[in-house]
Amino acid sequence: MEPFIGRKSEIDSIIKKWRKTHILAIYGMPGIGKSRLASEIIEVMKNKLPHDREQFTAIRVDLKHTKSPEDIWLEVFTQLHIPPTLPSDFQECVVLHKLQQCGKKYVFHLDNAEKMAENGHIQTRFQDICLKLISINENKVILTSTIIYKFHMLGYFYVNLGKLSHIDSSCLIQRVAPEVEFGEYLDSIVKNCFGNPKSIINAGKQLADEEYTPEEFLEIMENTGLDALSPEAYSQKDQIRHVIGEAIQQLPVEQQQKYAQISQMFPGSFSTEALSAVIGYQSPAMAKLEANKLMRRSLVERSDKSTKRFDIHPLLRQYLNDYVKIPTDLWHSATNRYVKFFAKLADHLQTEIHKKDNAVKVLPHICKKS
């Protein structure tokens, strides 16, 4: 299992809520460490629970290659060691009966749960299965997903994973590559992983295998970006470029193109007013709707809750800039709107600055809209 570093605040909050939580969801962008945190939580809680009656058995179901939510029953059916002699139509009934009769507590880790959000009907069936699993013997479900689900119930608790801190990122890469002398290149290599644990681990493994010196690897990172963190010798599930691409390719093509436009037009954080004016949404409210859709998929994040601005993770930006093509006509129309919006903003800014009494008060308000 890959090493685990950091996430103390997330673990503490989960431990605090554990007894009253029936469904725990861990959300975040690809490679951010959702599945690894779930595994860590399961181990922590196994060691922490003091009484035999609170102990549980963990069952992990990887949903990545499942064809339907009902495949969950087959996987649980198998892991409970029930002889596979019954038709699939009876598997749900048999599993629920088995769980009821055995009297044990289970924690079901449903990994890669974004697979179950392909359409509303599949999602509803999946969420119904989650509710059935927790209806018996105080069982719990842990979801790990790039796509956010909502359960309108008591006992639903979720965590949105952000970037790993610089200190924890440095500790992680040194744990992966303990023999490597990073020297002056440690900080720069870590910064180019942008707090993404899968990227940090991939970087550390390549250095540990002595494929490159830290100086050489830093140069490769700065020149090739995602490719440096996605060695061809690795399986696709371990290539950060591939896992990010899978998440983006789940979007319809038109939405991918608009997402790429946002990334290229706004190299930093952006407001809904600017998004509306440049990308061509009807209003800031409609732009916010689009931003929230992308945020539900962990493709956009809140950069600052106080100003309600949005941002895109640097690794997602790299993929969008390198692999998602924007049609020429869309690019030209967005560029024209971009020029008009910021020309208008500059004129407004200049007018307000000349009002000396209002300049200090007005500047922050104007900047929020850009």
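Colleague: What should I know before reading the values?
Modeller: The model is predicted, and local features need pLDDT of at least 70, side-chain atom pairs count only at pLDDT 80 or more, while totals for chains, interfaces and linings use all residues. Residues are numbered from 1 along each chain as its sequence is written, and side-chain values use heavy atoms, with hydrogens and water left out.

Colleague: What order do the strands of the open sheet have?
Modeller: The five strands run in the order 2-3-4-1-5 with parallel pairing, where strands are DSSP runs (E, at least two residues) numbered from the N terminus and two of them pair if DSSP finds at least two bridges between them.

Colleague: Which strands stand at the edges?
Modeller: Strand 2 (57-62) and strand 5 (156-160) do, and each has a single partner strand, so one side of each is left without a neighbour in the sheet.

Colleague: And how many bridges join strand 1 and strand 4?
Modeller: Strand 1 (residues 23-27) and strand 4 (residues 140-145) pair over five bridges in the parallel sense, and Ile26 has Thr144 in strand 4 as its bridge partner.

Colleague: Switching to rings, how many aromatic pairs are there?
Modeller: A search of the whole structure finds 10, counting rings of Phe, Tyr and Trp (its six-membered ring) whose centres lie within 6.5 Å, with planes under 30 degrees apart called stacked, over 60 edge-to-face and the rest tilted.

Colleague: Which residues form one aromatic cluster?
Modeller: Tyr27, Phe151, Tyr156 and Tyr158 form one.

Conventions:
Helix = DSSP H or I, 4+ residues; strand = E, 2+ residues; numbered from the N terminus.
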